[in-house]
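Subject: Structure handover

Hello,

Here is the structure I said I would pass on. My notes on it follow below.

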Amino acid sequence: MTATRPAPPWLTAAGLLVAAAAVLPAAYLFFVVAGDLGDALADALTSRTAGILARTLGLAAAVTATAVAIALPVGWLTVRTDLPGRRVWAVLCTLPLVIPSYVGAYLFVAALGPNGMLQDALGVERLPSIYGFGGAWLVLSLFTYPLVLLPLRGALRRIDPQLEDAARAMGRGPLAVFRTVVMPQLWPVLAAGGLLVALYVVSDFGAVSLLRFDSFTREIYVAYKSSFDRTAAASLGAVLVLVMFGLLLLSSRLRSAKVVHRLGPGALRPARPYRLGRWRWPALAFCAVVVSVAFLLPVAVLLYWASEGISTGSTSLSRAAALGGNSFLVSAGAAALGAVAALAVAALAVRHPSRLSGLVERASHAGYALPGILVALALVFFATRLAPPLYQTTSLLVIGLTIHYLPLAIGPIAAALLQVSPRIEEAARGLGRSRADVFRTVTAPLARGGVLAGAALVFLHAMKELPATLILAPLGFETLATDIWTQTSFGFYEASAIPALLLLAVAAIPVFLLSERGAAVP
Amino acid sequence: MKELLRQRRHPLAVATLTAALALSGCGFDTESSGGGPGEPGTDGITLYSGRIPAAIGGAVDRYEAAADRDVSVRYADTADLAATLVEEGDASPADAFFAQEPGAIGAVADAGLLTRLSADILAMVPARYRDPRGRWVGVTGRARVIAYNREAVRRAELPPSPFGLTAPEWRGRVGWAPASDSMQEYVTALRGRYGDERTREWLEAMIANDAVDFPDNVAIRDAIARGEIDAGLINHYYVAQAIAAEGEDYPVEVYFAPEGLGSLMLLTSVGVLDSSERKAEALEFVRSLLEAPSQEFFTTSSKEYPLARGAEPDPSLRVPLAEIPNVSGELVELEQLQATIELMQEAGAL
């Protein structure tokens, strides 16, 4: 990233269009508080809400740190070592991502909560409480660490082993090599993944409300649920947008202007795996514990409910399959749209850094920091006024989900682009290709690991999304997530197990695809 | 270089993404059963329902069959739907709104979005179960009760009010679910009636008396049935559902305490949107919800109290509506939930 060239106009235009769509939810909030933003913020930020904001940020920090602490060893073990069954572990350790955090939270409450399954099984009087900060920390960490792991594994595969070999040849030990050679190359993805986790925690409502952690989103919910005070809810939402910008700044500091692409000529040589030797037993145990708690435990509870539910009559398999089709269609639409939009934003930000492209990238994150219901209400607001034919169509739902989850795709794509040397692009230009051609034939294919990872993340989250889907979907359009909601909100936990398991199955497709593909990437 | 330029893409992934993008670009809109929303001239009506399909399906089906008219339903959280209606304003495709909780429909009415219901509809429901200004009517009622295990507790031992559950003889025997919506609505009502100080004292006394914490109403009921606790604060229909499923031998009974809001009735309610272009049909739908067969569906399926005049509660509801103490007389204002949660946190219940 030595020479910064002005971006081609079509790319700038595309980036601006994406950014304009992404700021719609924020624009809606500012419209509702209409002019009196200062006053509204002052009203919103009482000493009490400031305290709740601080606690929410504390939770975000704790979850982010834990997610990195889980993802870093798992990623390194499954990519760079001779861990037995590492490809299987790679898939298994990514799978917790397919469990919606609201489903995960109620499964944990059922299993570990007061008078839950574990307490019944142990026959004890009382367990340490699952509620509050501790429970929210545990559940959110377990279901968000793959957001760091997925891009991290991609980055680890793209690392040039020659640097490590050189460092080792000069006498550095393995730990020193990791610290001084590997880690600097991982900071961009760790920062990007960590940002996604932190923003997820800040905007999550389902899990924290079930686990009774009084988070900022709950404050927003209470504001419009109890008093139906739009202005209060909107000004609290505006606070979240500001928080999001703060986290973005922090994250971009961590990955500021690092040269992480290879400078030398030639193809990437596959890295020789580290031999774990005796350490493979604790390594295996670590992976096994992570998979058991974050994936097998919730799935076991679902299977138990499913076996109970089959006898009492639940969502039929054929109906579940139709719901799965709807979920797939909408999620794939959001994934495709999100990948294209994120590619434009990331190419602009990475290849043509400028004030404008920085602004476009930051603006594109605006929809992710907000709870889904606020994103949905914003689209209701704009669509009914500006684009009535679009209202209550699947297209609007796809657009809404894309706006909500766009940053999930931007992170991995930007990280992938950072690892592609601009010199290859320059060489292609030198060979007479147009800029658009270079982008299409060089940049996009080289970044395709990142693009697919980004699309997969959007797909997974769109699949799990609930509040915006309930509001934006066309009448009568049901998905697996809405069916789970229908069943659980009436206490039919057994009946929800089959759609929930099917949701996990469909969501697991991109996870498998990515991990399988991973083996073939140089 | 050549190698880099000629990398094969993953065919399946690329095909999927391309197809999906093409589909979403064209707008692969599904036909809703009742014709396009907001288009006058089509025959169906559109309902926004804060109640799930299982809770209203039978009544909707009956209307569709009787009126030969489709009902398209958007199901979502009641509060979310209320917020959506406010954002949609006059452009709302909804003709009617069925609310699960009382606060939401009041907010929609206060935003000027509900039309006044016709006199014949209002006359179908006793005055205490409808909006004084006639913009919505209650359809069913959910009562807060004390549930108890009849093998462990005699009816005469139960206090006349939930406030009595803080007495020493109830130490460690009572379950509650402070995190549940219904408990929080109940505490909101207590604050309205008795003030914050008295309510906080009660919450603290309950905790001091070792009230057992449960995640939800169902867990309380099941713990009472297993004999782990002897009584609990829950909604009446959870017990009725179990009686209907398990038979008359089911050991849990409900008790409508006459004091201390011990049998507070929370209403589910319905209103018609002022912006609707099919008001006559929507009013006909509301009327049908209050007719005997639909009221019977509601009480049979969900075990809630039917509120229309002359409607018979399900046999598993052993206490007739008329015998439930009229604890409030006025409708409960539930606009203070935030303050309630704060109060419950200060008292240590949350």
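**Strands of chain B**

Strand β1(B) is covered on both faces: B:Ile45, B:Leu47 and B:Ser49 on one side, and B:Thr46 and B:Tyr48 on the other, are all buried. A residue is buried if 20 or more other C-beta atoms lie within 10 Å of its own, exposed if 12 or fewer do, and partly exposed in between, with C-beta atoms placed from the backbone. Please keep in mind that this is a predicted model, in which local features need pLDDT of at least 70 and side-chain atom pairs count only at pLDDT 80 or more, while totals for chains, interfaces and linings use all residues. Residues are numbered from 1 along each chain as its sequence is written, and chains are lettered from A and ligands numbered from 1 in the order in which they are written.

β1(B) spans residues 45-49, and because 5 of its 5 residues are buried, the strand is largely enclosed by the rest of the structure. Helices (H or I, at least four residues) and strands (E, at least two) are DSSP runs, numbered from the N terminus. β1(B) pairs with strand β2 (residues 71-75) of chain B in the parallel sense, over 5 bridges; two strands pair if DSSP finds at least two bridges between them. Within this pairing, B:Val71 in β2(B) is the bridge partner of B:Ile45.

Strand β7 (residues 231-235) of chain B is also mostly covered, with 5 of its 5 residues buried. B:Ala231, B:Leu233 and B:Asn235 point one way from β7(B), B:Gly232 and B:Ile234 point the other way, and all are buried. Strand β4 (residues 137-149) of chain B runs antiparallel to β7(B) and is joined to it by 5 bridges. B:Tyr148 stands opposite B:Ala231 of β7(B). Strand β5 (residues 174-176) of chain B runs parallel to β7(B), with 2 bridges between them. Here B:Gly175 has B:Gly232 of β7(B) as its bridge partner.

**A loop residue in chain B**

B:Pro325 sits in the loop between β10 (305-306) and α12 (337-347) of chain B. It counts as partly exposed because it has 17 C-beta neighbours inside 10 Å. Apart from its neighbours within four places in sequence, B:Pro325 is in contact with B:Phe256, B:Pro258 and B:Ser263, where contact means that the C-beta atoms of two residues, placed from the backbone, lie within 7 Å. B:Phe256 is 69 residues from B:Pro325 along the chain, and their C-alpha atoms are separated by 7.2 Å.

**Helix packing in chain A**

Helix α15 (residues 317-351) and helix α18 (residues 394-418) of chain A have axes that come within 5 Å and cross at roughly 45°. Axes are lines fitted to C-alpha atoms, for helices over the stretch in contact, and angles run from 0 to 180 degrees between N-to-C directions. α15(A) and α18(A) are therefore oblique to each other; angles under 35 degrees count as roughly parallel, over 145 as roughly antiparallel, 65 to 115 as roughly perpendicular and the rest as oblique. The crossing of α15(A) and α18(A) is right-handed. A crossing is left-handed if the near helix is turned anticlockwise from the far one by less than a right angle, and right-handed if clockwise. The residues of the contact of α15(A) with α18(A) divide into 23 nonpolar, 4 polar and 1 charged. Ala, Val, Leu, Ile, Met, Phe, Trp, Tyr, Cys and Pro count as nonpolar, Asp, Glu, Lys and Arg as charged, and the others, Gly among them, as polar.

α15(A) also packs with helix α16 (residues 355-363) of chain A at an angle of about 140°, with their axes 8 Å apart. That angle makes α15(A) oblique to α16(A). The crossing of α15(A) and α16(A) is left-handed. On α15(A), A:Val345, A:Leu348 and A:Ala349 meet A:Ser357, A:Gly358, A:Val360 and A:Glu361 of α16(A). The residues of this contact divide into 4 nonpolar, 2 polar and 1 charged.

**Totals by chain**

Chain A has 24 helices and 0 strands, and buried residues make up 58% of its 522 residues. Chain B has 12 helices and 10 strands, with 53% of its 350 residues buried.

Regards
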